[in-house]
Structures are given as C-alpha cells and as structure tokens.
Amino acid sequence: MKTCNYLFVILLLMSSAALINQVKAQTLNLLVGTYTDKGTSEGIYVYDFDINSGKASYKNVAKGIDNPSYLAISSDGKLVYAANESGEGTVTAFSFDRKSGALKTLNQQKSNGAAPCYVATNKKGSHVFAGNYSGGNFSVYPVQKDGALGKAVQIIQHSGNGVNKDRQEAPHVHSTVLSPDEKFLMVSDLGTDKINIYHFDGSNVSQPVSPANPPFVSTGAGNGPRHLDFHPNGKYAYSIQEMTGNITVFGYKDGRLNSLQNISMLGDDFKGNTGAADIHVSPDGNFLYASNRGDANDIAIFSVNKSSGKLTLKGRSSTLGKGPRNFVIDPSGSYLLVGNQNSDLIVIFKRDKESGLLTDTGERIKVGSPVCLKFVE
C-alpha cells in the first residue's frame, strides 16, 4: 500500500512539473521599442504575453534611453540591441533577464550616421548591423564576450539619389537583413531604390562585409524599399516599398535576388497618402502581412503560393489606430500584434491560420509611441 502511495506522489509531482513547464512555455516576453521624445514613453517596455488567451500584462521598463526605435534580440534571448534614433545616433547593448524582464545597459557605441532606424544581429551573436536612415550608411560592430558592442569595424556609405526630390535626395538606409544562411546581408536603401547585397563572413575581423556579385538589385524608380522578409523555406524574399505601397517578390538563391512579381497593397479606390511600413511572412509560410501608415492605417493580407512564392490579396484589416509602423506575429502564428505609433496603442488580433484573416481580440496595450515589437521566448 505504501509503495502505491509513493508512486502516486511521484506521478503527481511529475504531472505538476510538466504543467508548470507547459504554462511557462505559453508565456512570452514582448519587448516594445518606442520614441521617447514624442509623448509619454520612458524607454523600452516589457510585457508578459499569454499565447493561449492573447492577453498582455506589464512587466518592466528600461528608462533613460533616447528613442529606442528599433530592437534586435540575440538568438538565446539574453541580449538586446537598440537603435537610438536621436542626435548623432547611437546603438545600445543590454543584457536581458527573461524572468524579471529587466534590461541592464552594457555599453553604447556611435551609429556613425544620423537617424539609426534598424538594427540586426546574427544567430551566432558575433556581429551587429545598424542602418542609418539620414546618414545613408550602415555600421558593422563586433560583439564582445559579455554581449557589449565593440567599435564599428566597418562603416559602409551609400551614394546616389532617386527620382523623388523630396524623399530621395540622398541615400537612406532603412533595413539590414541577413539571409537565412547568414552568408549575405540585404541592405534596403529608400533613397536610391536599391537593395544592396553584401557577403558576410564573420571570421573576417577587419572586413566582415564586402559587396556581392551583383552588388545590388533595383526595385524600380520612386518605390523606396524599406523592409524585407524571407519566406521560411528560404527560397523567396519579400520587399515592401514605402513610397508606392508595392510589394516585390524575389526568388532567392546564393545571394541573388530575382524579381518574380510586383503587387500593390493598396485598394483600387485608395486616394490617400501612402506610407507602407512593415512586412512579415507567417511562421507557417502560408500568408504574408504588410502594414500601411499614411491615410490607410491597415494591414494587407496575402496568401503565398509556396510553389512560386507569388502573392494573392486575401483582404485588409484596419489596425484600429493610426501609424502602424511595426507589427509582430507570435511564434505559434496565433496572434498578430500591431503598434499604432500615433495612437499610443498596441492592438492584439487573433489570426485565423486557415484563412489568414485577422479578428480583433479586444485586447490592448497602452504605451507611448510603440514603433518596434519583438517576442522573446
């Protein structure tokens, strides 16, 4: 009888431990980068996000950081890098405590160009890449053993302009995105209508990036490439064009981008200002989402043909706020969260995995000028 009781207790403890682990796995850290000079924000905010209920709860905030407008997370979730879009521009490195949500500043380096608007890091955590919008260049930093940033080993300056004299008077680097195999770096330049392509070799201490062959692909005059995302299968890349609202579909292989399709995210009767912003493929690779600021304030939803990579418009969803600069899909693909910069509001949508369409959950996060959303498991 005692043996049976002991077995029962052991099984109960094992069941409880499994349940605790399951609950932990259902909660993610949500990090929110903001503008601190345009309202009520105090820095980088951290929330717990429950992927079962779609509810978020406040966890922590890292104060005293100027305009942490874009964030990059290390592959192990222990380090965070922020592009500080103010003054001459800086990039800040933080350690991140996933349990408490606390961010501790490690160090800060100059971005070496005005208005840094994008930052990325490779999976090995050896380098960080920061794009400077107004500077028209990007910097490459080595990462120290403790996660801090070394001084930039390369500052790559772009040149040229575009057809729009108001927006394309000079180069404007808007994103630095690594290819799936991380052998290439794709640098979208709104000012020159080019996606510049670089080899990346992390073992090269003094010159980790160098121009690829070909060194760039053009997106068409007056388009203004902004962000880029790869399909999970690594065969396709999708570029969102800020100025026209076009999405360019590329076939991708060994650092080469081959244009396959151009499709508009705008409605046929849309007459307002266009400000296309962010773009993401769903984790299952079946759908693509793109946000439009300006007067649209919506997200365009496309189905993806996995055989060709091409897109078909499925619908649009209002972001229920103004200025959807950035959005994120949780790793399970169940929710899409959009940061409405001009409404100081993050809206949480439920995502239908079969149709790709979005439904408002009614859940909201009120935070000043949310412009970058990142999940940390």
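Reader: Before we start, what does "pocket" mean here?
Author: A pocket is an open set of grid points with protein on both sides within 12 Å along at least five of seven lines. This is a predicted model, and its largest pocket has a volume of about 1400 Å³.

Reader: OK, and how many residues line that largest pocket?
Author: The lining has 44 residues. Nearest the centre of the pocket lie Ile-73, Lys-123, Asp-229, His-280 and Lys-374.

Reader: Which elements give two or more residues to that lining?
Author: They are β4 (68-73), β8 (116-121), β12 (173-178), β16 (225-230), β20 (276-281), β24 (324-329) and β28 (370-376).

Reader: And what's the lining like by class?
Author: It has 23 nonpolar residues, twelve polar ones and nine charged ones.

Reader: Switching to cavities: how many of 30 Å³ or more turn up?
Author: A search of the whole structure gives one. The largest cavity has a volume of about 60 Å³.

Reader: Which residues line the largest cavity?
Author: Ser-69, Tyr-70, Cys-117, His-174, Arg-226, His-227, Arg-325, Asn-326 and Val-371 do. The elements that give two or more residues to this lining are β4, β16 and β24. By class, that lining comes to three nonpolar, four polar and two charged residues.

Reader: What's the average pLDDT of the chain?
Author: The protein chain averages 94, and 93% of the residues score at least 70. Over residues 7-24, though, the pLDDT is below 50. Beyond near neighbours in sequence, that stretch has zero contacts in the model.

Reader: Now the inside. How many residues does the largest nonpolar core have?
Author: That core has 47 residues, and Tyr-81 and Leu-257 have the most contacts inside it. Strand β5 (residues 79-84) gives the most to the core, with five residues.

Reader: What does Tyr-81 touch?
Author: Leaving out residues up to four places away in sequence, Tyr-81 touches Tyr-70, Leu-71, Ala-72, Thr-92, Ala-93, Val-119, Thr-121, Val-128, Val-143, Gly-147 and Leu-149. Tyr-70 also turns up in the lining of the largest cavity.

Reader: Let's look at Phe-327. Which strand is it in?
Author: Phe-327 sits in strand β24, one of the elements that give two or more residues to the lining of the largest pocket.

Reader: Is Phe-327 buried or exposed?
Author: Phe-327 counts as buried, because its relative accessibility is 1% and the cut-off for buried is under 20%.

Reader: What is Phe-327 in contact with?
Author: Setting aside neighbours within four places in sequence, Phe-327 contacts Asp-278, Ile-279, His-280, Tyr-289, Ala-290, Ser-291, Ile-299, Leu-336, Leu-337 and Val-338. His-280 is one of the residues nearest the centre of the largest pocket.

Reader: How about Gly-222, where does it lie?
Author: Gly-222 is in the loop between β15 (209-218) and β16. With a relative accessible area of 14%, Gly-222 is buried. Not counting residues up to four places away in sequence, Gly-222 touches Val-163, Gln-168, Asp-193, Met-243 and Thr-244.

Reader: You mentioned β15. Which peptide bond is cis?
Author: The one from Asn-213 to Pro-214 is cis, with omega near 5°. Pro-214 lies in strand β15. Most peptide bonds are trans.

Reader: What's phi for Asn-297?
Author: Phi of Asn-297 is near 50°, a positive value in a residue other than glycine. Most residues other than glycine have a negative phi. Asn-297 lies in the loop between β21 (287-292) and β22 (298-304), and is buried at a relative accessible area of 14%.

Reader: And what about phi of Asp-344?
Author: Phi of Asp-344 is near 55°, again positive in a residue other than glycine. Asp-344 lies in the loop between β25 (335-340) and β26 (345-351). At 31% relative accessibility, Asp-344 counts as partly exposed.

Reader: Back to the loop between β21 and β22: where's Ala-296?
Author: Ala-296 has its place in that loop. Ala-296 touches Phe-270 and Asn-273, not counting residues up to four places away in sequence.

Reader: How many Å separate the C-alpha atoms of Ala-296 and Ser-318?
Author: They are separated by 8.1 Å, and the two residues are 22 residues apart along the chain.

Methods
Residues numbered from 1 in each chain as written. Predicted model: local features only at pLDDT ≥ 70, side-chain atom pairs only at ≥ 80, totals over all residues. Heavy atoms only, no water. 1 Å grid on protein atoms, 1.4 Å probe; cavity = no way out; pocket = protein on both sides within 12 Å on 5 of 7 lines; lining within 4 Å. Points joined across faces, edges and corners; volume = space filled by probe spheres on them. Helix = DSSP H or I, 4+ residues; strand = E, 2+ residues; numbered from the N terminus. Nonpolar A, V, L, I, M, F, W, Y, C, P; charged D, E, K, R; others polar. pLDDT = per-residue confidence, 0-100. Contact = heavy atoms within 4.5 Å. Core = buried A, V, L, I, M, F, W, Y, C linked by side-chain atoms within 4.5 Å. Buried < 20%, exposed > 50% of the residue type's maximum accessible area, 1.4 Å probe, protein only.
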